[in-house]
Amino acid sequence: MTGYARVEASFAWGRLSWELRSVNHRYFDVSFKVPEEFRGLEGELRQAAGGRITRGKVECGLRYARETVAGDTIALDRTRLAQIRAALDAIAEDLGATAVPEPMRVLGYPGVVKEEQADFAPLLTEARRLFKAALEDFTAARTREGERLLQFINERCDAIDALVAQVRARHPLVRDQWLARLQARCAELGVEIEPQRLAQEVALTAQRLDVEEEMSRLLSHLEEVRQSLQRGESVGRRLDFLMQELNREANTLSSKSQDAEMTRCAVEMKVAIEQMREQVQNIE
């Protein structure tokens, strides 16, 4: 199921921001992209995400920006600077070079400027807190999407219900039309059929064209879909299976159809089932 959430907070040492996003996936797959200083949190945060999400490919990204505050001073490491000066003098002596290094480039050399180290304990605590807040927003967004999907799937189930009713109403008429065509053809050919033989043929054809079993199973599967959607648990894989069963029955109905209207109904059923199947991939 798709979802997105972003939270951030600023404090004395800078700014932290979490961004969570997910795309459809048959299973639960979570990945983290965090600065090296926060890598130790990944295990517990992965567990926290797994406790709230059971399906989807989820990407969790953390950004940390240290902000310079008023009163910050640049402290030089004089020992490191002396080492660099000695190295430059040795190069100048060996190569005969006389160029003076640019001060700004020297400042950018590792170790020349002493950087005050942040206390990472508060940062880690804040990162945990923000992740929980982002996870709450993220699951709330997915819940809202789930409500929209619930309405969408229920509408498709109702549409298939109506199509089944049309097929049931149409089927006796199709059977009678077939019998009338058979009798008309026999009369056209001047063939007289024994009543017993005609009854036999009608029974065999009625059995071959009977779709009541398929329609009953369609309605049964639709009811199971509705009940599954009301459960307070992960039902995505169960719905996957039900979509396969619905499609199987619709295909059988289509293959048995000897009437254009019944065939149209079967095609519309398959369209509605395919629409549901695509959206079921979004459901946990």
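This report describes a sheet, several salt bridges and a surface patch in a predicted model.

## Basis of the description

The structure is a predicted model, in which local features need pLDDT of at least 70 and side-chain atom pairs count only at pLDDT 80 or more, while totals for chains, interfaces and linings use all residues. Residues are numbered from 1 along each chain as its sequence is written, and side-chain values use heavy atoms, with hydrogens and water left out.

Four strands form an open sheet with mixed pairing, and their order is S1-S2-S4-S3; two strands are taken to pair if DSSP finds at least two bridges between them. Helices (H or I, at least four residues) and strands (E, at least two) are DSSP runs, numbered from the N terminus. Strand S1 (3-11) and strand S3 (28-33) stand at the edges and have a single partner strand each, so one side of each is left without a neighbour in the sheet. On average, and with direction ignored, neighbouring strands of this sheet are turned by 10° against each other.

Strands of a sheet pair through backbone hydrogen bonds, either parallel or antiparallel. Here strand S2 (residues 14-23) and strand S4 (residues 56-66) run antiparallel and are joined by 10 bridges, and Arg-15 has Ala-65 as its bridge partner in S4. Helix H1 (residues 42-52) packs on the sheet, where it touches S2 and S3, and its direction makes about 145° with that of S3. For such angles, axes are lines fitted to C-alpha atoms, for helices over the stretch in contact, and the angles run from 0 to 180 degrees between N-to-C directions.

The structure holds 20 salt bridges, a salt bridge being a side-chain nitrogen of Lys or Arg within 4 Å of a carboxyl oxygen of Asp or Glu. One of them joins Glu-249 to Arg-217, with the closest N and O atoms 2.8 Å apart. This pair links distant parts of the chain, since Glu-249 lies in helix H7 and Arg-217 in helix H6 (residues 212-229), 32 residues apart.

Helix H7 itself spans residues 236-256. Glu-249 counts as buried because its relative accessibility is 4%, whereas Arg-217, at 30%, counts as partly exposed; buried means under 20% relative accessible area, exposed over 50%, and partly exposed in between (1.4 Å probe, protein chains only). When its neighbours within four places in sequence are left aside, Glu-249 is in contact (heavy atoms within 4.5 Å) with Glu-214, Arg-217, Leu-218 and His-221.

Glu-261 and Arg-264 meet through their side chains in a salt bridge of 2.5 Å, N to O; both lie in helix H8 (residues 260-280), three residues apart, which is about one turn of the helix. Arg-264 also forms a salt bridge with Glu-268, and here the closest N and O atoms are 2.2 Å apart. Arg-264 and Glu-268 are four residues apart in helix H8, again about one turn.

Glu-261 is partly exposed, with a relative accessible area of 32%, and Arg-264 counts as partly exposed at 32%. Glu-268 is partly exposed as well, with a value of 35%.

## A nonpolar surface patch

Leu-88, Ile-91 and Leu-95 make a nonpolar surface patch of about 290 Å². Leu-88 lies in helix H2 (residues 78-95) and, at 34% relative accessibility, counts as partly exposed. Patches are made of residues with over 30% relative accessible area and no salt bridge, where like charges are joined within 9 Å and nonpolar side chains (Val, Leu, Ile, Met, Phe, Trp, Tyr) within 5 Å. Accessible areas come from the Shrake-Rupley method with a 1.4 Å probe, and for residues only the protein chains shown count as cover.
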